[in-house]
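Visitor: I have a structure to go through with you. Could we look at it together?

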Amino acid sequence: MPVLFGVAGNSETFTKTVSKSSAAAPAWLRAIGLDAYEYQCGKGVHVGEETARTVGQNSAQTGIALSLHAPYFINLANPDPESLEKTIGYITSACMAASWMKAGRVVVHTGALMKRTRQEALSIAKQSLRAVLNACDEAGFGGIALCPETMGKINQLGSLDEVLDLCTLDERLIPCIDFGHLYARSLGELEGHDACVRMLDRVEAVLGSERASRFHSHFSKIEFTPKGGEARHLCFHDPGWGPEFRPLAEELARRGWSPTIICESAGTQSEDALEMKKIYQTLS
């Protein structure tokens with residue numbers, strides 16, 4: 001299978017020149033040469049069943065791979081029972097919308113440390129994720145892959161190793177490796193070819209080559225601050241920040257892996273996703 005390239009939500013070009021309706025996005029993405037679409041429920045799962053099914057049908061007709069981003073405010077590392085019930089509700093609601101769309105993947109934020117050690121927060125998150133998986137099974141969503149995401153702020157749970165540890169809980173868990181987030185939380189250290197080799201080697205060592213080869217991904221340039229990490233998403237044409245995509249493309253082409261790469265640039269995600277695809281095609 002090839003690498004799939006797509007967008008998170010709707011780019012400015014789409015909303016200004018085509019439509020404000022996500023139902024029209026799959027056909028447009030296919031027409032410009034992209035392969036994937038990540039429907040955004042970051043501020044809550046507000047999409048209705050009719051709209052979700054229409055997005056799904058249009059994606060199936062045009063061959064666009066669908067994923068869905070669950071609400072941003074999920075915190076797997078909060079041990080409060082009431083918070084856990086809310087987290088389960090947010091994720092099962094996201095899975096319901098994904099099932100209407102026939103989206104195969106739901107991206108999930110891992111949460112904040114909340115003054116706990118990283119190990120304490122990770123232990124709580126693993127317990128929470130087990131409860132989430134059980135709830136998804138009971139609701140009939142066992143066929144949807146959950147994708148814990150690497151996070152960009154230093155005080156968040158979500159380093160690469162932490163996300164991979166979460167993914168060892170169940171085979172259906174696929175890491176969402178956000179290379180911009182890892183660049184930001186490392187204050188620019190996770191950048192370049194050697195860093196990409198180390199990161200992908202680590203994913204393969206923990207999850208095995210088959211699951212590693214089909215990881216989910218977000219990619220954009222990100223501005224960071226020395227104390228906090230991620231500050232804001234940028235566009236590829238913004239100077240002075242990383243990461244650059246070519247080193248990752250070279251390593252993916254060498255390995256023959258087939259991840260899904262979703263561009264999260266700030267408004268230019270369709271143009272930047274196409275740029276990534278063109279870079280990759282020159283190497284594969």
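Visitor: How many bridges join strand E7 to strand E10?
Guide: Four bridges join strand E7 (residues 216-219) to strand E10 (residues 260-263), and the two run parallel. Strands (E, at least two residues) and helices (H or I, at least four) are DSSP runs, numbered from the N terminus. Two strands pair if DSSP finds at least two bridges between them. This is a predicted model: local features need pLDDT of at least 70, side-chain atom pairs count only at pLDDT 80 or more, and totals for chains, interfaces and linings use all residues. Residues are numbered from 1 along each chain as its sequence is written, and side-chain values use heavy atoms, with hydrogens and water left out.

Visitor: Which residue stands opposite Ile-262 in E10?
Guide: That is His-218.

Visitor: What is the strand order of the sheet?
Guide: Eight strands form an open sheet in the order E5-E4-E3-E2-E1-E10-E7-E6, with parallel pairing. Its edge strands are E5 (145-148) and E6 (176-178), each of which pairs on one side only. On average, neighbouring strands are turned by 25 degrees against each other, direction ignored. For such angles, axes are lines fitted to C-alpha atoms, for helices over the stretch in contact, and angles run from 0 to 180 degrees between N-to-C directions.

Visitor: Which strands does helix H4 lie across?
Guide: Helix H4 (residues 81-101) lies across E2 (36-40), E3 (65-69), E4 (105-108) and E5, running at about 160 degrees to E3.

Visitor: Changing topic: where is Ser-258 found? Buried or exposed?
Guide: Ser-258 is in the loop between helix H10 (246-255) and E10. The residue is buried, with a relative accessible area of 16%. Not counting residues up to four places away in sequence, Ser-258 touches Met-1, Pro-2, Val-3, Ser-213 and Arg-214 (contact means heavy atoms within 4.5 Å).

Key: Buried < 20%, exposed > 50% of the residue type's maximum accessible area, 1.4 Å probe, protein only.
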